[in-house]
Amino acid sequence: MKGVVYKSTGSWYTVKTEEGKVYECRIKGKFRIKGIKSTNPVSVGDIVDFKLETNNDQVTGVIENIHERQNYIIRKSVNLSKQTHIIASNIDVVFLLVTFNNPPTFTTFIDRFLVTAEAYGIKAVLLFNKIDTYNEEELLEIKYLAAIYRKIGYECIGISAKTGKNVAQVKDVMKGKVSMFSGHSGVGKSTLINALEEGLSLRTAEISDQHKQGQHTTTFAEMFDLKFDAKIIDTPGIKGFGVVDIEKEELGNYYPEFFKLKEACKFNNCLHINEPKCAVKDALESGEIPWSRYKSYTQILEGEEEHYRKNNYSNE
C-alpha cells in the first residue's frame with residue numbers, strides 16, 4: 001500500500017492513503033541503520049510504501065520503503081550536533097513567520113532559513129505577523145525589513161493572525177499546494193492556522209513576558225487537509241537554524257542578490273571576503289546589498305552559530 005505521512009511522533013507515523021484511509025505505522029529497524037544521519041528517518045510529507053499487520057485485533061502498518069523526496073527542509077539537531085533533523089519533505093511553499101519583538105525574529109535566523117529553502121528549491125514567503133500590535137516606530141522597522149527581502153525577490157506579507165488581516169492573501173498562495181509553516185515558538189503559527197480554517201483548533205499559548213519567548217504548543221510536525229484545496233504542515237517552534245550540507249563555495253549561490261553579481265567578480269570562485277575586485281563587496285559598500293545579509297553570510301561561512309539575542313536589525 002502507498003500513502004503520505006501526515007504525522008510523526010518519533011516511533012509511530014500516521015499514514016493516509018490516496019483513498020483517504022488512515023493507518024498508524026511503525027518502521028522497520030533497517031531504516032535506523034541505513035547510514036541515515038537524520039534523527040528521523042521518516043518525515044511528515046514523505047510518500048511511503050507499507051504493509052498491514054494485525055496485532056490484538058488492531059490493524060497497523062509497517063513502512064517498508066520511502067519514495068525519493070522531491071525536496072525537504074533540514075536543520076542541525078539541537079542536542080546532537082553531528083546529526084540532522086528533517087523537518088518536513090515534499091513541500092511546495094514554505095512560510096516563515098516573523099515577529100518584531102514578541103518574540104524577536106532576527107535576520108540571522110531569517111537568512112539561514114531562506115538559504116536552506118533556496119538550497120532545496122523550495123519557494124519561501126515571509127509573513128510578518130502581529131502587525132496589529134506594533135507602534136509606529138516598530139511598523140517602520142518591519143516595513144524596512146520587508147523592503148530588504150522584497151528587493152531580493154521574496155514575497156513578503158504583513159498579517160495579523162488574530163484579526164485576520166491579509167489571511168485571505170496567504171490562502172491564495174496556498175491553494176493547490178503543500179505548505180509548511182515555521183518560525184520561533186510564539187510567532188503565531190497555530191493562531192494563523194486556526195484563522196485559515198475553522199475547526200482545526202490547534203493549541204496556542206501566550207508569550208512568556210520574562211523572556212519574550214514563545215511556549216512550545218506544537219510538539220511534532222503534522223499535516224492537515226484544508227477545505228480550500230490546500231495541505232498544510234505545522235511544525236514545532238524552533239529556536240535556531242543550523243545550516244546543513246552546504247559547501248563554502250556554494251553558499252553565495254543561495255543568496256540571490258549575491259548570485260546575480262557573481263559573474264562580475266574577478267575570480268569565478270570568489271567567496272566575497274578578501275578577494276580583490278569583488279562585485280558583492282562593491283555592492284555592499286554602495287548600499288545595494290544590506291549589511292545584515294552580508295553579516296549572516298559571513299557567519300554561516302565561518303561556521304558560527306546564531307546569536308539569538310543579539311540585535312541583528314541594525315546595519316552597524
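Two residues are in contact when they have heavy atoms within 4.5 Å of each other. Take the contacts in this protein between residues at least 6 apart in sequence: 65% of them join residues at least 24 apart. What you're looking at is a predicted model, where local features need pLDDT of at least 70, side-chain atom pairs count only at pLDDT 80 or more, and totals for chains, interfaces and linings use all residues. Residues are numbered from 1 along each chain as its sequence is written, and side-chain values use heavy atoms, with hydrogens and water left out.

**The whole protein**
- You'll find eight helices and 13 strands here; these are DSSP runs numbered from the N terminus, with helices being H or I of at least four residues and strands being E of at least two.
- Of the 316 residues, 52% count as buried (under 20% relative accessible area, with exposed being over 50% and partly exposed in between, using a 1.4 Å probe and protein chains only).
- The accessible surface comes to about 15,800 Å², and carbon and sulfur atoms hold 47% of that (areas by the Shrake-Rupley method with a 1.4 Å probe).

**Helices α1 and α8**
- Helix α1 (residues 107–119) and helix α8 (residues 291–301) have axes that come within 9 Å and cross at roughly 70 degrees; each axis is a line fitted to C-alpha atoms over the stretch in contact, and angles run from 0 to 180 degrees between N-to-C directions.
- That is why α1 and α8 are called roughly perpendicular to each other (65 to 115 degrees; under 35 is roughly parallel, over 145 roughly antiparallel and the rest oblique).
- On the α1 side the contact includes Thr-107, Asp-111 and Leu-114, and on the α8 side the residues include Ser-292, Arg-293 and Ile-300.
- The residues of this contact split into three nonpolar, five polar and three charged (Ala, Val, Leu, Ile, Met, Phe, Trp, Tyr, Cys and Pro are nonpolar, Asp, Glu, Lys and Arg charged, and the others, Gly among them, polar).

**Helices α3 and α4**
- The axes of α3 (residues 167–174) and α4 (residues 189–196) come within 10 Å and cross at roughly 80 degrees, so this pair is roughly perpendicular too.
- Val-167, Val-170, Lys-171 and Met-174 of α3 meet Leu-192, Ala-195 and Leu-196 of α4.
- Here the count is six nonpolar, no polar and one charged.

**A look at Gly-45**
- Gly-45 sits in the loop between β3 (22–27) and β4 (47–55).
- It counts as buried because its relative accessibility is 6%.
- Neighbours within four places in sequence aside, Gly-45 is in contact with Val-4, Val-5, Ser-89, Asn-90 and Met-223.
- The C-alpha atoms of Gly-45 and Asn-71 are separated by 9.9 Å, and the two residues are 26 residues apart along the chain.
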